[in-house]
Number of protein chains: 2
Amino acid sequence: MTHTMDGVISYVISIFTCLDSPAIQENRVTTVQCLSGTGSLRVGGEFLARHYHQRTIYIPQPTWGNHPKVFTLAGLSVKTFRYYDPVTRGLNFQGLLEDLRSAPSGAIVLLHACAHNPTGVDPTPQQWEQIRQLMRSKALLPFFDSAYQGFASGNLDADAHSVRLFVGDGGECLIAQSYAKNMGLYGERVGALSIVCKSADVASRVESQLKLVIRPMYSNPPIHGASIVATILKDRNMYQEWIIELKAMADRIINMRHQLFDALRSRGTPGDWSHIIKQIGMFTFTGLNSEQVAFMTKEYHIYMTSDGRISMAGLSSRTVPHLVEAIHAAVTRLV
Amino acid sequence: MTHTMDGVISYVISIFTCLDSPAIQENRVTTVQCLSGTGSLRVGGEFLARHYHQRTIYIPQPTWGNHPKVFTLAGLSVKTFRYYDPVTRGLNFQGLLEDLRSAPSGAIVLLHACAHNPTGVDPTPQQWEQIRQLMRSKALLPFFDSAYQGFASGNLDADAHSVRLFVGDGGECLIAQSYAKNMGLYGERVGALSIVCKSADVASRVESQLKLVIRPMYSNPPIHGASIVATILKDRNMYQEWIIELKAMADRIINMRHQLFDALRSRGTPGDWSHIIKQIGMFTFTGLNSEQVAFMTKEYHIYMTSDGRISMAGLSSRTVPHLVEAIHAAVTRLV
């Protein structure tokens, strides 16, 4: 870990592993400060392209638009696995299992730790366990993108469930942590890449190789945002304050989901809108088509991505009625 | 330019071009905020590897240790040109001209804008003009690493002479600017890559391609250090204060060069030490060999790189006598 966050590595790691995790106690985790989520993914990608025996990474279909570019430019070959089912607006679990089952042994698999972007659809704990068993049986390497920990459910532990399942079995994995959302530090570009290794010896060799990826990219990460993160993680009172604020932010988003769902039901808007309360995190994948989205933009000045993804963080009690009117008009006029 | 520095692009550019430069007035310069010098060089290197017709970059021999790695990983092929003459402890100007003359047309050439690292040896204004003529006649593309502007002579204009010569002739060039030394912002990783183009149209297309290099590397640059730079550049009083402090820093280093040179002469230390006052910037390439360096470390607890490079910024009036004793002992005992 380069400078600023040196003193808080164990805290950084504990957020996704638990402080009493054997991985920490056995010094099997190497962590380097990176430039938020994107920077952590890129450094991890370049490290894997240079040193890992398999150069193919499987990413969910759909996924965050930047993922394919980050990994392609890092030198990996990008393939997709089925993830979202437009009919149920939920997980295509059978498709996911089939695609991972037919991936070559040792391939890298990108997983969203929680609050899948853009769909808001996450596997259940039971499904995560099945994914873990399948991946470990085929020696597939998990690379977690953890951009919303604590921001999804309001609980850091609950949102780390998937990562902890994989760290807990003693196998290898990578975790790209972003503090952009859960600490509100978008502009400071603070994040961390952690690689859980099989032994302390491997971890220390991995760390020196990670430094060789970082040095010719930007030499060192910026200090300011990392100082903020380190200060909060080291101080028991600030940490508690952070946890409380995090829960307030997450609860507000969850509350907005219920307000929107209830209002659509009261309005009698055609369709099953239960995915709004089932989906997790900042985004709702509404299921509105691009024609309906364009209609809402033109007639109601509501702006969202053309795939129908809305940010729940941008919604308030005051604006729910206007959004409901717009959705109602869109789905009744344009089927 | 991404967010923070948007409001000060013309100031950023003017530092190396002059505010009334045609390049600025004709909107032919595109500038993006990057992670200090290294980050600017890497983004520029990746851009060239992807879009420029020649993939070979010539770097001086010797040069900053990180240069070959930055450009190799960016996807360029690295070759060297002769630069330093160990006999004169000065510039090998004939070797430099010969090597650039035999470079393939269109090749990229890395030039240190001022205060060459590690040698402290810069071409004279007349030599720069000869280099410019040769490079333009062969369509060699200049890529300036500007890490010490204002820190070398104490004057931003004087230290920009080489860059302004090339910008002034209307041709293309790249400039990687670091604010690590001249604004004391090492830890904040703030710098800028500027590309001087032939037209405003090309510049705007170059900018959109630069964003496509940055987005999958770290999405956006960090805000804090850039806010400091922008604040200083926008405020006339702060800018003046900065200029004065910059000159004080540079003058102290120049003064240390004279104190060290005078003390070696007074002590009667064998050898011609005039290179100490001829060399420019933070470093002195002493000419001490690795055996002498090891002796000084062992007997006098003086630590420097094994190639004999010392940082003048680390020297003070109080420590000059001890250093002179050590150098004297080293060169008289180990020839």
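**Figure 1. Ser36(A) sits in helix H3 (residues 36-51) of chain A.** This close-up comes from a predicted model, as do the views that follow. Phi of Ser36(A) is near 55 degrees, which is a positive value in a residue other than glycine. Most residues other than glycine have a negative phi. With a relative accessible area of 3%, Ser36(A) is buried, because buried means under 20%.

**Figure 2. Here helix H10 (residues 224-234) of chain A packs with helix H11 (residues 236-267) of chain A.** Two packed helices are described by the angle between their axes and the distance between the axes. For this pair the angle is about 100 degrees, and the axes are 5 Å apart. H10(A) and H11(A) are therefore roughly perpendicular to each other. Who meets whom? On the H10(A) side look for Thr231(A), Ile232(A), Leu233(A) and Lys234(A), which meet Arg236(A), Met238(A), Tyr239(A) and Trp242(A) in H11(A). Sorted by class, this contact has five nonpolar, one polar and two charged residues.

**Figure 3. Over in chain B, helix H13 (residues 290-300) packs with helix H14 (residues 320-333).** The angle is about 130 degrees, with the axes 9 Å apart. That makes H13(B) oblique to H14(B). The crossing of H13(B) past H14(B) is right-handed. H13(B) brings Gln292(B), Phe295(B), Met296(B) and Tyr300(B) to the contact. Among the residues they meet in H14(B) are His322(B), Leu323(B), Ile327(B), Val331(B) and Arg333(B). By class, the contact of H13(B) with H14(B) counts nine nonpolar, two polar and two charged residues.

**Figure 4. Gln149(B) lies in the loop between strand S7 (141-146) and helix H7 (156-159) of chain B.** Is this residue buried or exposed? Gln149(B) counts as buried, at 3% relative accessibility. Follow its side chain and you get to the backbone oxygen of Leu156(B), at 2.9 Å. Leaving out residues up to four places away in sequence, Gln149(B) touches Ile15(B), Phe16(B), Cys114(B), Leu156(B), Asp159(B), Ala160(B), Gln177(B), Asn182(B) and Leu246(B).

**Figure 5. His275(B) belongs to helix H12 (residues 275-278) of chain B.** His275(B) counts as buried, with 3% relative accessibility. Which backbone oxygens does its side chain reach? One is that of Asp272(B), at 3.3 Å, and another is that of Thr286(B), at 2.9 Å. Apart from residues up to four places away in sequence, His275(B) touches Arg89(B), Phe285(B) and Thr286(B).

**Figure 6. Two cis peptide bonds in chain B are shown here, one between Gln61(B) and Pro62(B) and one between Asn117(B) and Pro118(B).** Most peptide bonds are trans. At Gln61(B) and Pro62(B), omega is about 5 degrees. Pro62(B) is in the loop between strand S2 (56-61) and helix H4 (67-74) of chain B. At Asn117(B) and Pro118(B), omega is about 15 degrees. To find Pro118(B), go to the loop between strand S6 (108-112) and helix H6 (125-137) of chain B.

**Figure 7. Arg189(B) is found in the loop between strand S8 (173-178) and strand S9 (191-196) of chain B.** Phi of Arg189(B) is near 55 degrees, a positive value for a residue other than glycine. Arg189(B) is buried, with a relative accessible area of 6%.

**Figure 8. This view takes in the buried residues of helix H5 (residues 93-101) of chain B.** They are Phe93(B), Gly95(B), Leu96(B), Leu97(B), Asp99(B) and Leu100(B). What do these buried residues of H5(B) pack against? Their partners are strand S3 (77-82), strand S5 (90-91), S6 and H6 of chain B.

**Figure 9. Ala203(B), in helix H9 (residues 200-218) of chain B, is the last stop.** Ala203(B) is buried, with a relative accessible area of 4%. Along the sequence, Ala203(B) and Thr30(B) are 173 residues apart, yet in space they are 5.4 Å apart, C-alpha to C-alpha. Thr30(B) is also one of the residues that Ala203(B) touches, along with Asn27(B), Arg28(B), Val29(B) and Cys197(B), not counting residues up to four places away in sequence.

Definitions and conventions. Residues are numbered from 1 along each chain as its sequence is written. Chains are lettered from A and ligands numbered from 1 in the order in which they are written. This is a predicted model: local features need pLDDT of at least 70, side-chain atom pairs count only at pLDDT 80 or more; totals for chains, interfaces and linings use all residues. Side-chain values use heavy atoms; hydrogens and water are left out. Axes are lines fitted to C-alpha atoms, for helices over the stretch in contact, and angles run from 0 to 180 degrees between N-to-C directions. Helices (H or I, at least four residues) and strands (E, at least two) are DSSP runs, numbered from the N terminus. Angles under 35 degrees count as roughly parallel, over 145 as roughly antiparallel, 65 to 115 as roughly perpendicular and the rest as oblique. A crossing is left-handed if the near helix is turned anticlockwise from the far one by less than a right angle, and right-handed if clockwise. Contact means heavy atoms within 4.5 Å. Ala, Val, Leu, Ile, Met, Phe, Trp, Tyr, Cys and Pro count as nonpolar, Asp, Glu, Lys and Arg as charged, and the others, Gly among them, as polar. Buried means under 20% relative accessible area, exposed over 50%, partly exposed in between (1.4 Å probe, protein chains only). A polar contact is a pair of N or O atoms within 3.5 Å; within protein, one must be able to donate a hydrogen and the other to accept it, and residues adjacent in sequence count only if both atoms are side-chain atoms.
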